Every structure is written in structure tokens, then in C-alpha cells.
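Me: I would like to go through this model with you, one part at a time. Could we begin with its overall layout?

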Amino acid sequence: MGLISDYRAHTEERAQSGIPPLPLTAEQTKELIELLKQDPVEEKEYLLELFCEHVSPGVDDAAFEKAAFLDALVKNDATCSVISPVEAVKILGTMLGGYNVKPMVDALSSESDEVASTAADMLKKTLLVYESFDEVAAMADSNTYAREVLESWANAEWFLSKPEIPEKMTLTVFKVPGETNTDDLSPASEAFTRSDIPLHALSMLGSKMDDPIGTIAKLKENGHPLAFVGDVVGTGSSRKSGINSVQWHIGENIPAVPNKRTGGVVIGGIIAPIFFNTAEDSGALPIQAPVESMETGDVIDLYPYAGKIEKNGEVISEFTLSPNTLGDEVRAGGRIPLIIGRNLTRQAREKLGMGDESIFERPEQPEDTGKGYTLAQKMIGKACGLPGVRPGMYVEPETLTVGSQDTTGAMTRDEIKELAALNFGADLVMQSFCHTAAYPKPSDVKLHQTLPYFIMSRSGVALRPGDGVIHTWLNRMVLPDTLGTGADSHTRFPIGISFPGGSGLVAFAAVTGTMPLNVPESVLVRFKGKRPDGITLRDLVNAIPYKAIQQGLLTVEKKGKKNIFAGRILEIEGLPDLKVEQAFELSDASAERSAAACTVRLDKEPIIEYLNSNIKLLEQMIDSGYGDPDTLRRRVEKMQEWLKNPELMEPDTDADYAAVIEIDMNEITEPILACPNDPDDVATLTEILADSNRPHNIDEVFVGSCMTNIGHFRALGEVLKGKGQVATRLWVVPPTKMDMKKLIEEGYYSVYGAAGARTEVPGCSLCMGNQARVADKAVVFSTSTRNFDNRLGKDAKVYLGSAELAAVCALLGRLPESGEYFDVVNQTLQDGQDAIYRYLNFHEVSGEQLQELVD
Ligand code: SF4
């Protein structure tokens, strides 16, 4: 079969599911071009539609073929009876940036005035021009068309030619009551379809309600666009696929960009900050407003500027459009296009000697209080070249370290392609394969084979399947007091600060080395006293919401939920001696608080030790071919530079916090657990055992995820040693292959084997829920990060707590009494603590051992 019949069959097959065909591959595009070169062209309307609308733009391989053919047509090096040189330039102008830019810049010098003037018109609205800006600017003195383009950029015609948000929007409500997390919008079990937006969108809300797609289709019949409405929207992980799915159902098509939509209105009583930002980046209009009076099927009038929502002529909700730049963002097609376009306009005005523009809304900046800065405010300030920043400021800090994980990796790759980038601007970009390593689907295997090259060819670093969890690796590449991001909501550096984002934002940060940021307020959690024996760091993690609930700063109930941490920076102090591996347990869990970011104030000594270890690891990674050696070498040099004068930032004593929560560790007298199925629903062992509504038996135990380190696995092994088979199903998954190899060497794997445990490939394993799963309806004790409904298994009820308590639960098949727990851990773990809680210090092993661990 030829391209036409194949593609028609494929289109028909996808139409059965109500979705459009996939964009053309590079091979299909080449074949299409050969058909277009024939004279006469058969089925010319169909072929032109495929060529114009079904090839992805940017630096996609198919876009390369398309742009090269169009360039040849413009230069009369090829002919096509259905695409004239002028038409060719027009089509180039729809390709957003990347491979289409040079042909359009060349066309400015065409002998044909019509071609040159069309190229100018197309370039005026093209933002992703990067280094081609200099070429156009240089031509502007002698080429009138280039001058026109430069002036147009300077006057922001690309922006002003687009419509503003209307005064009034009439919408039909699609309401999802209660809390909707990003796993509801983009289920982990369907992660392998995420880069196929229409297909993936079919799984949206599938486990939350009956027939959501049918309901949406029915609601659309009244002709109004839909508003996605919820009490709490977008909690959980940072996945861009969540907003992609929402926009697929409520947004608008983008001309010449296949299988992607923009726009759409999202109204939430609370919208989780990462989801809010992802919606902004994608061109949606997110609004935080009371939603109690809105129900599915209601027709509402939304007045964005007046800040009110009416139903049947009555005001049912009021809000303030925030941030104040939101209108410009939506008009530009999203926050990212706005930032890129604003910079282009600024550059062009500078070149033309024009003053500052007054076209765009300036981000509102708060008054300077003159007070001191928190640690986070200093870290962000450093990344902006300032002594500190104030909450509410809009800044674009340098984003030194960027992480990308595999289930969002394909989307990040697509976003990088759409940003038309052939190189990274961020100092270090790292890709992992931890979420799909253990049980890859064919699409995962393809990603494992292709994505490393994509990342490394742009100067990034790529891990390999089986290496382990993204954060455990990325943390080892971070520099103290610096800022970064990652397309995984647990990207939370223990020795710097990270603002995780969706894949669009992360692609932007990787490409430009900066990110947009509205500085959040900070909440300080100060630990004091001494941690009692048997009380673990995980208990301290859970003590934070426990104390916040006691102080009325956090509620478990979703309706009207209070959460002092939501969208703020969680700053933790009082535990200066923690090893960096331990500190990550605290910063990692700030994601479960819905905090925007986290800092942990540590002493120099653990950081010096960690960096010395990491330098050796990175040097070995260079030798083992992990990616761009210059990038890794540059990072090693920066670490060495810091070690020469190891200074850490400290918060000012008069800094302001939105709240200060003091936790006296002496008062934590027993383990604290997060109960099924909410990480905020924390209770002590005694409280849980006294509550007959909570399950007390345990069917399965999972020890793994980025919340764990080698110490937890030794502790597990010590508790299990010599006790025979455990009473539950037990899953043991170390975070990295280095941990696994070390544990094997120390004999712990033989202990797990004797206990009947199931050991898996280092990585996310059960935590992500897209690989092996616990049994349906199982009661689970897990050391992983979060326990949202259905994450670890269908209808599973999941407790979250320490590895030490997990070991005891596995032995008993139930939650122990507090006394039972302390008996076991005191007998097995109290002696030899130094040997058990000893971390991987790569600078203390021989070169051969290091190679053995890393290779
Ligand atoms: S272990 Fe869990 S929380 Fe950590 S990166 Fe993997 S899926 Fe995310």
C-alpha cells in the first residue's frame, strides 16, 4: 500500500476512537514530497492538507524534510505544480521556528518582490528565531524587507495582531467535584501514550467518573466552549499531559500544528501552583474562584476583567485575574510564547535604538519591605543577580540544573522541538529512564533507544534504564545554593532550590537556561530538641502536616481545604547535621504538601562530603560515556570551585514568613503515618490502631522510591535477618543501581531472598503505578511519596511511613503496637547505627570499585 491508502486506513482506524491520525513521520513526509513533485499531482487537495496540517513544526525530523522541500521551491531548485514559491513561503511561515527560519531569512533577498515581501510578513509573526535574529538585524541596513521585519518585532505586531481576551465569555460548565489530581487527568497507567495527546486524552478522568468523554461530548452539543471546573484542581505531579488532556477536550485547534490544542478556561476553588503554571504556559486561562454554585451543564457568563461569573444573570462567583499579566499570556498563546516574544521585541528595540515599550502589561512588583531575606529568597536572588527577592515579585532566574524523566520525556522532547532548539542553554540537563525501566512497553523501549541521543546531541546527560531514580542522580549534580527545575514534581534539591514544572516549562528552562517565576511566600518549619531513638526522618516528614493540622493551618477535608503550604516555599531548619541524602527525604516530601519548592538549611560539612563524593561519580560518568563530557566536566569544575571556598547562604533573622511552625522532636514519641489515601491525613500508630474505620492488617509492603536511600535497605535487612519468610508480599526496590550493587555485596539481597521479597530493577517501580502493581484492594504499607487513590494499585489502601516500620509490618502482616515497633527496632537497629545509616561516598572507594558500581 502507498502513503495515501496507508494514511487513510490509519485515519479511519483512529476515527473509530474519535481521534485524529498521528502526524506524519519523516519517512512519510519524504514520500509525500515525492507525490507532490509529480505533475499532475493526484488528489492534490488531500495531499496539500497532509503537507500543510499533518507535519509537526519546529525541529521535528519531518519538519526538516518539509522545510527543505519548501526552501528548494522558493529557490526554484525544485518545482511543484500545486505550491508556488510564494505559497511555499507562506507554508514555511506556519512552521513556528527551527528549520523554517533560515529559508525565510534567505527569501528576504529573493529577486521576486512578492516572495521577499511574503517572507517578511511570515517572519514578523515568527518568534523562535534565536541566532537568526542577528542575521535579520545585520541585513536590516541594506534590505528593506529585513528592516520591516525588525520594526515589526520592535512594535510587537506578532502580539498586537492577536485578539485580546473578550470582555465576556459564555461557557458550559464541566465540573469535577472534590479534588482532581494530575493522575486523574493523565493516569500513570497510560503514561506510554502521553506524547500522543488525543489518544492519551481518552483516559482522562476514566477512574474518577462514569463516561467523562461521553459527558463532555454531550455538553458540547449546546455550542458553547466548555469550562473545566473543580473544587481542587491539578494537585499531584507536574505532568504537562494533565493540561494537554484538558485542553484537548476544551481548547481550540492550532493551525498547522497537528494533534495539539491551546486555550480553554479552567476554574478551580484551588488550582495547584504547578498545574496553574502549566496551564498558563499552554495558553489556557486558569482562574481561582469559588465554584460551589456551579454544576455540570450550567451555562455561565465569565467576565475576566470584571472578575465575576454569572449564571442566569446573577453573580455566583467573584475573582481577581491573577497574575496581572494573565491577559497578555492568553493573548500571546501562553506564558512561554509571551516571554520569548517580549525578549524578541526588546532585542529589536535595542537594535533600532528605540526606548522601552509600553505594549505589554508589566508584572506587578511588590513594595520592598526592607526586611531581611529567607534562605530561599536569597537563593532565588542569587540566580537573578540580586541580594534577594520578595514574595510576589516576577523574576526570570538562571536555571542551572534541569531534570527530565521518562514518562514526561517524550513530551519534553516534543516541546524542545517546538521551541526549535538544537542546543541547551541551561548549564546541565539530565534525562532519566527510571519510570519505565522495569516493565517497558514497546513505546518505552523506543524512547530508551532514541531519547538519549536527542538529549546528548544537545549537550545533555542521559542516564540508562536500570540506573535508578531521577532525583537520587540529579541531586548529585546540583551546586549549593543554586536554582533548577525538572518535569517531575519531586525535583526538590536538598542543597539548593528547585521549582518543578510541566514539560513545557522544563523544555523552556533547558533551552533558555532561565524560567519564569512568581516568587512565593515562605513557610518556615523549625525542628528543635532531639530526635528520640526509633523515630525516623520519615516520622519528621509526617510530623510537618501533623503539627500544621494541630495549628489549624492544614485540613484534610477537600471541600474548603486549608493548606498553608500550597504554592509556598517550605523552608526547613533545625537539622543541620543531616547527610544530604537524608535531607532529600524532607525536601522530596514537600511535593506532598503542594509546596512550590523547599529549602533545607544544612551545615557545610555534609555538603562538602557530598560534593567530594559527587565529583568522583561525575568523573566516572564521563569515562562511562554518560553524555556530553564538556557538560559533566564543567559541573565538576564548578563543584571544585565551590569547595575551594565553601560558603553557604543563611537566612536573615528578621526575614518574614507566612507562618512559622515549630516542631519539638522530643514530643514525637511514636511513628507518624500518612493514612489511606491522602498524604495529608496523618496520624500516630496509636491513633490509627484506635480507629476501627482504618484498616490494621497489611497485605503488601513496598520499600523503595526516591524517598529511600541505602540506609533504609540496610535497616530493612537487619530487621528481617534470620526471621524467615515475611507475612506479607514484600517489594524491595533500591533507588539506584549503585545502592543495589552495594547491598548485594554486603549480603542484604540474600536476606531479602530468604524473607521471600520480590526485588526489582532500581527505579520508581510501584511508586509510579505504571509498572507492576499491588493486588486490587490490597492494604499496603509503603515508603513511597504519595498514596492517591489507585496510584499503587486499583482500590488499594496505602499507608505511607518509614522503612523501619515497613520492615516490622512485613514481619507481622499488620500494623504493630507502638511498643512492638520500638522493641523490634531497638533490638535490631540500635547497635551499629553508623554502619547501617552509611551513605554512598564515591570518593572513598577505589577506581575499580567505582567503575564496577557505575558501569
Ligand atoms: S520514585 Fe515515585 S516520586 Fe520518586 S521520581 Fe519515581 S515516581 Fe516520582
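**Domains, helices and ligand**

Reply: The centres of domain 1 and domain 4, taken over C-alpha atoms, are 52 Å apart. The domain bounds come from an automatic or database domain assignment. This is a predicted model: local features need pLDDT of at least 70, side-chain atom pairs count only at pLDDT 80 or more, and totals for chains, interfaces and linings use all residues. Residues are numbered from 1 along each chain as its sequence is written.

Me: Into which domains is the chain divided?
Reply: The division gives domain 1 (3-154), domain 2 (169-332), domain 3 (388-518), domain 4 (522-603 + 648-665) and domain 5 (670-836).

Me: Now the helices. At what angle do H25 and H26 pack?
Reply: Helix H25 (residues 604-623) packs on helix H26 (residues 629-644) at about 160 degrees, and their axes are 10 Å apart. Helices are DSSP runs (H or I, at least four residues), numbered from the N terminus. Axes are lines fitted to C-alpha atoms over the stretch in contact, and angles run from 0 to 180 degrees between N-to-C directions.

Me: How are H25 and H26 oriented to each other, then?
Reply: H25 and H26 are therefore roughly antiparallel to each other, a term for angles over 145 degrees.

Me: What classes of residue make up that contact?
Reply: The contact of H25 with H26 has 12 nonpolar, 2 polar and 3 charged residues. Ala, Val, Leu, Ile, Met, Phe, Trp, Tyr, Cys and Pro count as nonpolar, Asp, Glu, Lys and Arg as charged, and the others, Gly among them, as polar.

Me: What about H19 and H22?
Reply: Helix H19 (residues 406-418) and helix H22 (residues 503-512) pack at about 55 degrees, with axes 8 Å apart. That makes H19 oblique to H22; oblique covers the angles left once under 35 (roughly parallel), over 145 (roughly antiparallel) and 65 to 115 degrees (roughly perpendicular) are set aside.

Me: Which residues meet there?
Reply: Thr408, Met411, Thr412, Glu415 and Ile416 in H19 meet Ser503, Gly504, Val506, Ala507, Ala510 and Val511 in H22. Residues are in contact if their C-beta atoms, placed from the backbone, lie within 7 Å.

Me: Changing topic: how many residues surround the ligand?
Reply: The ligand is surrounded by 14 residues, and the closest are Ser705, Cys706, Cys764, Cys767 and Met768. A residue is near a molecule if its C-beta atom, placed from the backbone, lies within 6 Å of it.

Me: Which domains supply that shell?
Reply: Domain 3 (388-518) and domain 5 (670-836) each give at least three residues to the shell around the ligand. By class, the shell divides into 7 nonpolar, 6 polar and 1 charged.

Methods. Helix = DSSP H or I, 4+ residues; strand = E, 2+ residues; numbered from the N terminus. Contact = placed C-beta atoms within 7 Å.
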